[in-house]
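Subject: Structure for your files, with notes

Hello,

Here is the structure I said I would pass on.

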Amino acid sequence: MKLLDRYIGREMLFTTLFGVSVMTFVLVLGNLFKQLLDVMINQAVPLDLILSFVAYIIPFSLTYTIPWGFVTAVLLVFGKLSGENELVAMRSSGISTTRICVPLFALALVCVAICLWINLDVAPRAQDNAKNAMVRVATQDPLSLFESDHIIDEFPDKKIYVEDKHGAELDNILVYELDPKDASVQRVLYAKRGELRTSDDAVKLHIFNAQVEQHDPDAPGDLKKIQEGITMQESVFSIPLDKLIARYRGLRVPSRKSLPELWNDVADYKAHPGTENDKRLASTLTEINKRFSFSLASFALALIAVPLAITAHRKETSIGFLFSIIVAFGYFFFIQLGTMAQNNPKLHPELLIWLPDIVFILFGSALFWRLSRQ
């Protein structure tokens, strides 16, 4: 039996490591292009900053790729064992399906422990550091924030639209100044042309042929009460960088907070009940429960994957990978549904987030029990 355990355990371990490595590489590369592509095109980003961003993204990616890589390994390895009739030979020798799967479930528990450690401690800190790395990239050259046909909303209390950009030259600029209390439009500045300049503490927008519109503070949405302001042939519009940096570093969503910070938030929201705090409480509790429930993904998916691989009786790698996509997509889809409901306390999203684990474990256990009885 030890020889059999080593054989199955070795196949599972190497296939899991290969699957996790490939999927992590793809996810990290995708996040790198998604988050930093525009910045890298518009400016020379230091290599060490890119490497640090990649290092911070890896733990977040592992929360998804470890369960996915493990279920892929289960489907490939047990599909091969079934397709080559090795399982038939083992069971003919009096070895039960449950005993054959002991190395698999041992590795599943290892994956659960690793995912629990990553979800509770490593991934939140990594996400926070990744966000700070993005802030450093953006603020070392703020000109990269301005893009053609794009709304720039990174600056507090302002939204800026630029129709076209050529280096530091901008065409057809709209600057919306917002009320910090309710984000209503206070005034709108339109300029036909502008030039961007930077200093140590601000972005200088040098505008030409500008027109200002003033909105009524009591009825900012009433177009009839808009007053035409001054016309400027030339002016300098300064945008401080300190507020930009403070905004990014101050906005910490629950997924970027440590577990003690989340529990402190829960206590604070419960001490000050209200509509908004009730929503924040539901969101925070959902994040806490998600970290624990998501850690069980490897075990829940394995229970489904073993009967599926043996019943399918196919050893082709492409079939196994296709099955892994279907199974993992179903699990992650239900997780996403629970996450989407996190701001609705009436749906109890903190309990809903456990639904994928419950469904997959119960259904997988039934399939596994039925398989072991054959």
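Some terms first: buried means under 20% relative accessible area, exposed means over 50%, and partly exposed lies in between (1.4 Å probe, protein chains only). Helices (H or I, at least four residues) and strands (E, at least two) are DSSP runs, numbered from the N terminus.

This is a predicted model, in which local features need pLDDT of at least 70 and side-chain atom pairs count only at pLDDT 80 or more, while totals for chains, interfaces and linings use all residues. Residues are numbered from 1 along each chain as its sequence is written, and side-chain values use heavy atoms, with hydrogens and water left out.

Helix α7

In α7, the buried residues are Leu259, Leu262, Asp265, Val266 and Tyr269. Seen down the helix axis, they fall within an arc of 115° (the arc of the directions from the axis to the C-beta atoms), so they line one face of α7. Pro260, Asn264 and Ala271, on the other side of α7, are exposed.

Nonpolar cores

A nonpolar core is a set of buried Ala, Val, Leu, Ile, Met, Phe, Trp, Tyr and Cys residues joined through side-chain atoms within 4.5 Å. The largest one has 47 residues, and those with the most contacts inside it are Met12, Phe70, Val74, Phe78, Leu104, Val306 and Tyr331. Two or more residues each come from α1 (2–42), α2 (47–83), α3 (86–92), α5 (102–140), α9 (297–312), α10 (317–340) and α12 (355–373). Helix α9 gives the most, with 10 residues. A second, separate core has 18 residues, including Ile152, Val175, Ile207 and Phe237.

Contact means heavy atoms within 4.5 Å. Leaving aside neighbours within four places in sequence, Phe70 is in contact with Met12, Thr16, Thr65, Leu104, Leu107, Ala108, Cys111, Ser298 and Ala302.

Cysteines

With a disulfide taken as a pair of cysteine sulfur atoms within 2.5 Å, the count is 0. Cys111 is in no disulfide, and its nearest cysteine sulfur, that of Cys115, is 6.4 Å away. Cys115 is likewise in no disulfide. Cys111 is buried at 7% relative accessible area, and Cys115 is buried at 2%.

Asn289

Asn289 is in helix α8 (275–295). Its side chain makes a polar contact of 2.9 Å with that of Trp354. A polar contact is a pair of N or O atoms within 3.5 Å; within protein, one must be able to donate a hydrogen and the other to accept it, and residues adjacent in sequence count only if both atoms are side-chain atoms. Beyond the neighbours within four places in sequence, Asn289 is in contact with Glu350, Ile353 and Trp354.

Backbone and strands

Most residues other than glycine have a negative phi. Asn172, in strand β3 (169–178), has a positive phi near 50° and is partly exposed at 25%. His348 also has a positive phi, near 50°; His348 lies in the loop between α10 and α11 (349–352) and is partly exposed at 43%.

His150 is in strand β1 (150–152) and is partly exposed at 31%. His150 and Glu163 are 13 residues apart in sequence and 7.1 Å apart in space, C-alpha to C-alpha.

Regards
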